[in-house]
Amino acid sequence: MVVKIIKSFENDNMSMIYEIFELADRNEFKSYPDKIVANLFFEPSTRTHFSFKIAQAKMDMKSVSFTPEFSSMQKGETFIQTIKTFESFGVDLFVIRHKEDEYYKKINLNAPIINAGDGISSHPTQLLLDLYTIKKEFGSLSGLTVGIIGDVKHSRVAMSARRIMKKFGIKVLISGPPELIDIKDDCYVEFKKILPVCDVIMLLRIQHERHKLLFNAKNYNKFYGLNSENVLFLKNEAIIMHPGPCNIGMEITQKIFEHNKSRISEQVENGVKIRMALMQIVIEKKIDLLKL
Ligand code: CP
């Protein structure tokens, strides 16, 4: 029976998150040649899916990957029937992404689940690697200001960040076009005003798969994206992050992607270590990571 501990953020989860960070810092992980992990991605992914795959390879796990395009879902099989089929195969750990918010409430499995992103609700492993990247940069988290800019309304990355960062003493501000953000939100700050006050600028892409709003890339970049002109307004020590995938020329230009303030490649690099640390804790403690 799996005991679900990290279902939601509670006081004891704070220590669990620091435990994950310490394990990632030590960079010494156990080997699990007898464990089989199923990576079930019902939505497209490059970073999350393949950083899990690489993390599993580094820990000598056996892993299988699923994408619906080449599965019996094309013949009418449901999400739940698909998951249950993998459970019957005898899987030791599930990594699942799905477009539906809190999809995990519909399933009860005899192996732990790591949520690799659900709808616009939560992206726990992205939040962990983002916090870890920020902590490595600044030494600690408390007292920092993070500005999240872009399609905040449809972003599970923003949802997790806003839910959890404040628990670590981080002030979160948001900005972006009025169609993609609630300008009445207490945390809303105009684009021009947000740039000089943040330690971290976290850019988000427009989630075209979740709505039909269209934006001209050049205009968007001018008014809500980072470029060689407005990057000069950032604090000296500020860094630029982006969960990816980036739409180059829109929320970020190629020059800013490669800028010395950009930590986007470091986020991807840290994602492997963080997922290794997380899987070790999940396997050892037999817990799920469903929501952060
Ligand atoms: N950040 C993130 O979730 O990227 P992928 O969709 O490529 O996994």
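**Figure 1. Overall dimensions of the chain in the predicted model.** For a chain of 292 residues, a compact globule would have a radius of gyration near 19 Å, and the value for this chain is 19 Å, which agrees. The model is predicted. Along its principal axes, the C-alpha trace extends over about 55 × 45 × 30 Å. Nine helices and eight strands make up the secondary structure of the chain.

Figure 2. The ligand sits in the largest pocket. Ser45, Thr46, Arg47 and Thr48 belong to its surroundings, together with Arg97, His123, Gln126, Pro243 and Gly244. Sorted by class, this shell comprises one nonpolar, six polar and two charged residues.

Figure 3. In the side chain of arginine 97, an N or O atom is 2.9 Å from an oxygen atom of the ligand. The side chain of histidine 123 likewise places an N or O atom 2.8 Å from a ligand oxygen atom. Of the 260 Å² of accessible area that the ligand has on its own, the protein covers 91%.

Figure 4. Proline 245 lies in the loop between strand 8 (239-241) and helix 8 (254-257).

Figure 5. Asparagine 27 is not a glycine, yet it has a positive phi of about 60°. The residue is located in the loop that runs between helix 1 (11-26) and strand 1 (36-41).

Key
Residues are numbered from 1 along each chain as its sequence is written. This is a predicted model: local features need pLDDT of at least 70, side-chain atom pairs count only at pLDDT 80 or more; totals for chains, interfaces and linings use all residues. Side-chain values use heavy atoms; hydrogens and water are left out. A residue is near a molecule or strand if one of its heavy atoms lies within 4 Å of it. A polar contact is a pair of N or O atoms within 3.5 Å; within protein, one must be able to donate a hydrogen and the other to accept it, and residues adjacent in sequence count only if both atoms are side-chain atoms. Accessible areas come from the Shrake-Rupley method with a 1.4 Å probe; for residues, only the protein chains shown count as cover. On a 1 Å grid over the protein atoms alone, a cavity is a set of points where a 1.4 Å probe fits but cannot get out, and a pocket is an open set with protein on both sides within 12 Å along at least five of seven lines; lining residues have an atom within 4 Å of a point. A molecule sits in a cavity or pocket if more than half of its atoms lie within 2 Å of its grid points. Ala, Val, Leu, Ile, Met, Phe, Trp, Tyr, Cys and Pro count as nonpolar, Asp, Glu, Lys and Arg as charged, and the others, Gly among them, as polar. Helices (H or I, at least four residues) and strands (E, at least two) are DSSP runs, numbered from the N terminus. The radius of gyration is taken over C-alpha atoms; the globule rule is 2.2 Å times the number of residues to the power 0.38.
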